[in-house]
Amino acid sequence: MKGRILGVAAAVVVLVAAAVGYGILSRDRGPGVNAVAVVSGQVSVQSPGQLLFRNTAEGPDFGHLATVPVDRPGEVRKVAGLSCDRFAASAGTALCLAAQPGVLPPMTDVIVLDKDLNEIRRVELPGTPSRGRVSPDGELVYWTLFVNGDSYAETGFSTRAGILDLSSGQLLKSVEEMALFLDGKQYYSSDVNYWGITFAPDGKRFYATVGTKGKTYLVEADYEKYSANMIRENVECPSLSPDGKRIAFKKRVSADLAAPWRLAVLDLASGRETMLAETRSVDDQAAWLDDRTVAYGLESGIWAVPADGSGAARELVTRGASPAGV
C-alpha cells in the first residue's frame, strides 16, 4: 500500500511539473528580446487583407496574436497584448483559446472578443486547446479541446467539440449528443468523437470530423435540427472554402504516426478529391486565405499552397501558428 501511495504521489508530481512547464512555455518562453522584428499596436480583426496568427518567435511576445498584410507577409509583424494557443476570427468576431497554465486537470479559457479584441464572453472548460473557428457571419464560435491525449495521430485520444451561439447565448459544451446518421440509419457508438467544425456561410449548416471504431468521417450537420450525416470516409479537420463549394482537409495516407496525412481538397458537388502540392504531413485545420489558396501551420511556420493542386508550397511567416485570414 505504501508503494502504491508513493507511486501515485510521484505521478501527481510529474503531471504538475508537466502542466507548469506547459504554462511557462506558452506564456513566458524566450529571452527578453524578440527573435523577429515586431511592433506593438492596436489589432482589429475587421481590417481586410491581413493574416492573423499566433506569434511563436522566442521573446516576450511569444504566444501573442500577431498580424501582417497577406500580400506582404514579410513585413514587420504587429503584435497585440492578447495571448492565445489557438485563434480564429470572422465578421468582426474573434475566438481565443488559452490554456490555463499550471492547472490540473488541464483547463482552457474559451474567450470571445469583438473586432477590437475587447472581451465579450469567457467560458472555462476542461481540456487543452486543439481547434477553433468562427462562423462566416460571426454569430457562432466553435472549439475542440483534447480531454485525453494531445495528438490526432494517437490512437487513444479523446476530444470535446462545443459551440457557442452569440445571438441566443446558447452554449453547447459538447455536440456528441447530436443525432448521427450513417447510410440513412441512426448511428450509435460509445466512442464517437467530433472535431474540426467548419461553418457554411448561412451559419445553419456545418461540417466536421467524426471519429469512431478506428475510422474518420466527414459529417454534414444541420445546426437548427441538431443532426448530422456521415457522408465520406477518411476526412479530418475540414475547412470550407469561402464560396462554400470545396473542403480542404487532412487525408490519412500512411500508417506511419510520424507522417500520416496529406492535404487535399474535396469538391462537394462532384466528390472529386485533389491532392495539394504540399507533400509533407500537415496536422492542422487549414485556413482559406481566398477561394484559391489555403494556409496552414507546419514546422514552426505558416505556409500556403494553391487549392487546385498546382504550384508549390511557400512559407508566408516564420515562427507562427494558427493562421486566420481576414
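The largest cavity in this predicted model is lined by Arg86, Phe87, Arg131, Gly132, Arg133, Asp284, Gln285, Ser322 and Pro323. Here a cavity is a set of points, on a 1 Å grid over the protein atoms alone, where a 1.4 Å probe fits but cannot get out, and lining residues have an atom within 4 Å of a point. Its volume is about 50 Å³, taken as the space filled by probe spheres set on the points, which are joined across faces, edges and corners. One cavity of 30 Å³ or more is counted.

The strands in the table each give two or more residues to this lining; strands (E) are DSSP runs of at least two residues, numbered from the N terminus.

| Strand | Residues |
|---|---|
| E5 | 86-90 |
| E9 | 128-134 |
| E27 | 320-325 |

E9 gives the most, with three residues. By class, the lining has two nonpolar, three polar and four charged residues; Ala, Val, Leu, Ile, Met, Phe, Trp, Tyr, Cys and Pro count as nonpolar, Asp, Glu, Lys and Arg as charged, and the others, Gly among them, as polar.

Now to a sheet. Four strands form an open, antiparallel sheet in the order E19-E20-E21-E22, where a pair needs at least two DSSP bridges. E19 (236-240) and E22 (273-275) are at the edges with a single partner strand each, so one side of each lacks a neighbour in the sheet. Three bridges join E19 to E20 (residues 246-252), and serine 239 has alanine 248 in E20 as its bridge partner.

Residues are numbered from 1 along each chain as its sequence is written. Local features need pLDDT of at least 70, side-chain atom pairs count only at pLDDT 80 or more, totals for chains, interfaces and linings use all residues, and side-chain values use heavy atoms, with hydrogens and water left out.

Conventions. On a 1 Å grid over the protein atoms alone, a cavity is a set of points where a 1.4 Å probe fits but cannot get out, and a pocket is an open set with protein on both sides within 12 Å along at least five of seven lines; lining residues have an atom within 4 Å of a point.
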